[in-house]
Amino acid sequence: MTTKPQTQSLAKTKQKLHISGAEAVVKCLLEEGADLIYGYPGGAIMPVYDELYKYQDKINHVLTRHEQGATHAAQGFARATGKVGVAIATSGPGATNLITGIADAQIDSTPMVCITGQVAEHLLGSDAFQETDIVGISTPVTKWNYQITKASEIPEVFAKAFYIAKSGRPGPVLIDITKNAQFETFDFEYKKCTSIRSYKAKPEVNLDEVKVAAQLINAAKKPMIVFGQGVILGEAEEEFKAFIEKAGIPSAWTILGLSALPTDHELNAGMVGMHGNYAPNKLTNECDLLIAVGMRFDDRVTGNLNTYAKQAKIIHFEIDPAEVDKNVKTDVAILGDVKESLVEILPFVNENSHTSWLEEFNKLESIEFDKVKKEDLFPSKEGLTMGEVLKEINKASGGDAVIVSDVGQHQMFACRYAKFNQTKSNITSGGLGTMGFALPAAIGAKMGVPNREVVMIAGDGGYQMTIQELGTILQTKAAVKIVVLNNEYLGMVRQWQQLFFDKRYASTEMTNPDFITIAKGYSIEAKRVTKREDLESSVQEMMESKDAYFLEVCVEKENNVFPMIPTGASVSDIRLE
C-alpha cells in the first residue's frame, strides 16, 4: 500500500510581530516615512528614546536645545518639504514647551505630529511628578489630539494622526502616550489610514459654482486675485499660474502665499496687508471682482472689514468651509482642493489681458518706488537699511534660496524685498507671529532640503529668544546662513511707539551681548558689518561658505518699514510715510 504524501499549503502564515509599545512608536514613524524627527528626552518618554537608540540607522533624531525649538524645526522641515514634521518631548514642562510651536502650526496650517510622554495610567489625575493634562491644554491649538493608555492603540492612533495632519487643510496633531503603554507588549500590525468616517478631508468641487465664478471672471473689467498659502499646501502652483495667465489677472499675495508665484512674474502684483505694497492695497477697494485663492481674509490683510472691497464681487476658493463667510461675505464660494478647483475652472475662463487695469498697478508701484523703495534699497543716508541687506542677499542667491524670517520689521522687509524663483521658499510665522521662530525653523528647513541654500533673517530681539539652538547647529553641522539685522531695538514695537505713542519707547531698547563671540563659541564662522562698503563682499562670503555662517549687520536704529496701514484703518488709508 502506498501512502499519499502530504502536501504543504502554499499560503504562508504571516508572523505577527510581538513588540513593546515604545518600539511600536518607532515602527509607526518608519511606516509613515518619518525618518527625521526633532525632540528632547525625559523620564516619561524614555522607553521610546531607548528604542530610537536601537534604530539610529533608520531614524535621525535631532536633539534640539529646547522643546519649542523642536516644534519650530519640525515646522521648518514641513514647510520646506511639504511632508509632516515630527516633534517629541517628555511629560510636564517638556509637553507644555511644545505649545507655542503647536499653536503656530495650527494657525499657519502646518502638518505636524507631536508625541509626548505621560505618567503611567494609574497615576493620571494624581498630580504625579511632571504630570500635566497636555490633551486638555493642547485641545484649542491642535487639529486632533489623543491620549494612548494601552499599547494596542498605538498603530491605529498613529495612522490617524499622520492622515489628519496632512490631509485637507493641514495642521498639528498631538499624541500623548502613558508610560505603561510604552512598556506593554502586543502583536503589532500597521495599516495606513486613508479615510475616517467622521472626518471629510476635502469637499467635492461643485461644477455649478465653478461656472458661475467663471462668468463673473469673464465679465469683470478690473479683477484682482489675492492668493495665500493654500496654493502651496495644495501643490497647485502650476495650475494657479496657468489660471492667472489665461485670465490676465494681477495677483497679490499674503505673506504665506509668497513664493507660490515667482516674484518677477509679470502678473505678480506684490503683497497685501498692513505692510504690503501700495498698489494691491489701494486697488483692493477699486477692483470690481476680488478672487481669494487659498487665503482666509486675515485681519492683517483686510484692515477695517467695514470698508474692505465693498464695491467688488467676491469669489473664494477654499478647502475649509469654516473660513467661507467668516470675515468677508462671498458671492461665490468654490469649496474643495484648490488644485482640483483650478483645473475645473480653467476651461470656462476666457483669455484676457486687462492691459489698462494692469497699468493702474504699475502707476501706483512707481509712486511706492519713489516714496519708499528707493530709500530702502538705494539709501542716501549713511546708516545701513534692512532693505539693502535683502538686495545683496538676492544678488548673491539669484532668488534660489529659502528665506526663513523671524517676526518684526526685518520680517516685513524680507517679505517685501526677497526674490523667489521657486515655491516653498518663504518660511515665516504668519498668523501667530512667533518671535524666536526663525533659527530652529531654518535648521529644520536646511535638513529637509539640504541641497538648497537656507538663509535665516532675524532681528536682535527674536534671535535671542531661541539663540540656544546654535547648539543644535554645532551638533548637526546644519549649514544655515544666519543674518541678524541689529538695530538695538524691538524694532516693530518701537515703530508703533514712535508713530502712535509719541515716541515713548517703553521697554523696547535692547542692550545686546557680543553676537560674534557667541557664534564663535558654537564654532560658527562669524562677521559683523557696520559699513556699506563691506556689505556686498560679506554677504557673498557668507553665501559661498559650505558651513554654517553668522552675519551681523548693524542697521539704522530707527529705520521704519513702510507702507503701513494703521490698525483699524481701511486698506485705502495705507501710508507711505
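This report walks through a sheet, a pocket and a few single residues of a predicted model.

## A sheet of parallel strands

Let's start with the strands. In general, strands of a sheet pair through backbone hydrogen bonds, and the pairing can be parallel or antiparallel. Here, six strands form an open sheet with parallel pairing, in the order β16-β15-β17-β18-β20-β19. At the edges are β16 (426–428) and β19, each of which pairs on one side only. On average, neighbouring strands of this sheet are turned by 20° against each other, with direction ignored.

The parallel strands β19 and β20 are linked by five bridges.

## Helices against the strands

How can empty space in a protein be found? Rolling a probe the size of a water molecule over the atoms shows where such space is left. In this model, the second largest pocket holds about 590 Å³ of space. Its lining is made of 26 residues, and those nearest the centre of the pocket are T263, N268, E365, K373 and K419.

Which elements build this lining? At least two residues each come from β11 (268–271), α15 (355–377), α16 (386–397) and α17 (409–417). The largest share belongs to α15, which supplies seven residues.

## Two loop residues: buried or exposed?

Now try T330, in the loop between β13 (313–318) and β14 (332–335). T330 counts as buried because its relative accessibility is 10%, and buried means under 20%. Setting aside neighbours within four places in sequence, T330 is in contact with I314, H316, V324 and D325.

Compare K531, which is found in the loop between β19 (525–529) and α23 (535–544). With a relative accessibility of 48%, K531 counts as partly exposed. In sequence, K531 and I393 are 138 residues apart, while in space they are 16 Å apart, C-alpha to C-alpha.

Some backbone details deserve a second look. Most residues other than glycine have a negative phi, and most peptide bonds are trans. D127 has a positive phi, near 60°, though it is not a glycine. This residue sits in the loop between β5 (112–118) and α6 (134–138). D127 counts as exposed because its relative accessibility is 71%, and exposed means over 50%.

E235 also has a positive phi, near 50°, in a residue other than glycine. Look for E235 in the loop between α10 (230–233) and α11 (237–247). With a relative accessible area of 44%, E235 is partly exposed.

Where is the cis peptide bond that ends at P563? It runs from F562 to P563, with omega near 0°. P563 itself has its place in the segment after β20 (549–554).

Technical notes: Residues numbered from 1 in each chain as written. Predicted model: local features only at pLDDT ≥ 70, side-chain atom pairs only at ≥ 80, totals over all residues. Heavy atoms only, no water. 1 Å grid on protein atoms, 1.4 Å probe; cavity = no way out; pocket = protein on both sides within 12 Å on 5 of 7 lines; lining within 4 Å. Points joined across faces, edges and corners; volume = space filled by probe spheres on them. Helix = DSSP H or I, 4+ residues; strand = E, 2+ residues; numbered from the N terminus. Buried < 20%, exposed > 50% of the residue type's maximum accessible area, 1.4 Å probe, protein only. Contact = heavy atoms within 4.5 Å. Pairing = 2+ DSSP bridges. Axes fitted to C-alpha atoms, helices over the stretch in contact; angles between N-to-C directions.
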